[in-house]
Amino acid sequence: MQMKKRWITCIVFASLGTALALAGAIGMKFDFSYYKRGELQTFDAQLSKEEYQDKVQSLKIINYYGELNLSTSDSASSLSLSYTAYEENDVKFTISSNGLLSISKGRLLSMPNPWYNPFGYFEKKGTLAIVIPTSWTITDLSLDIRKGTITAQNLTIDNQKIELYSGKVQMDTLKGNRLEIKTYAGTVSIQNATFDELTKIKQSSGKVTMNQLFTKKLSFQASLSQLNVSLASAKEEYAIQVKKNFLSSINVKNTEVNQELYQIEGKMNLSSAKITFLNEVK
């Protein structure tokens, strides 16, 4: 009787595996992205200086799918949203009494890979471009990325936080006091960043690459991940390369390089990391 139950269990799991494989094969042959979604349309919104500038202290952006582009502009006087979506309310924005402006793109089918959609072919699509006037003083930025491709450039904000569940983030020319990156999957790539106090990275999975980072303290924790960081502004080339041993963790500390104070604290598990001090940029 017990052997029979085992065979039944094996048959059930084998059937489920076959069904998922068949669904994947069908999904690869046909694109169901627009199933019962209608056509993508273009929408625009402006958050005027008079209504928002004096209220907004921080900005939170939640992205569930598609593409997001975030940038600043000297010529802009109001924060603008331009997006393509299946309906206008796919993008929503609210401001709280404490000055937090929240912008979210997407709803329904919002999980990165829901159990009923393992291959992602029923996902929504769409793009969102956000332009922030440089005259607006925003001290905190939080990016909550559930899925999608995110690009950002020329952001000068004291505290910046990136939380990535799945997808890809590409950022260029960032400035502030503190940067925090937290990944569950996906890829983060950052070029030319300056954070005066702390850069903190916590990876549950995925890959983080930072090129030409200037920071006084780098703290990282990696599991099942890859981390590559090149630290700028050292007068001589100085490299630390760390690769984990199987089922082990390694702590890395460096307190001083050429009269510049760098503190590196790291812990890894089933991960690899490479940290390099670059020559001084002239």
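This is a predicted model: local features need pLDDT of at least 70, side-chain atom pairs count only at pLDDT 80 or more; totals for chains, interfaces and linings use all residues.
Lys 175 counts as partly exposed because its relative accessibility is 45%, a value that lies between the 20% limit for buried and the 50% limit for exposed. The residue belongs to strand S11.

Although Lys 175 and Thr 194 stand 19 residues apart along the chain, their C-alpha atoms are separated by 4.8 Å. Which other residues is Lys 175 in contact with, leaving aside neighbours within four places in sequence? Besides Thr 194, they are Leu 155, Thr 156, Ile 157, Gln 160 and Phe 195.

To see where the lining comes from, display strands S2 (58-63), S8 (140-145), S10 (159-164), S11 (168-183) and S12 (187-203), each of which supplies at least two of its residues.

Finally, move to the largest nonpolar core, which holds 56 residues. In soluble globular proteins, nonpolar side chains tend to be buried together. Which members of this core touch the most other members? They are Ile 130 and Ile 190. Select Ile 190 and show its surroundings: not counting residues up to four places away in sequence, Ile 190 touches Ile 162, Met 171, Leu 174, Leu 179, Ile 181, Thr 209, Met 210 and Asn 211.

Key
Residues are numbered from 1 along each chain as its sequence is written. Side-chain values use heavy atoms; hydrogens and water are left out. A nonpolar core is a set of buried Ala, Val, Leu, Ile, Met, Phe, Trp, Tyr and Cys residues joined through side-chain atoms within 4.5 Å. Buried means under 20% relative accessible area, exposed over 50%, partly exposed in between (1.4 Å probe, protein chains only). Contact means heavy atoms within 4.5 Å. Helices (H or I, at least four residues) and strands (E, at least two) are DSSP runs, numbered from the N terminus.
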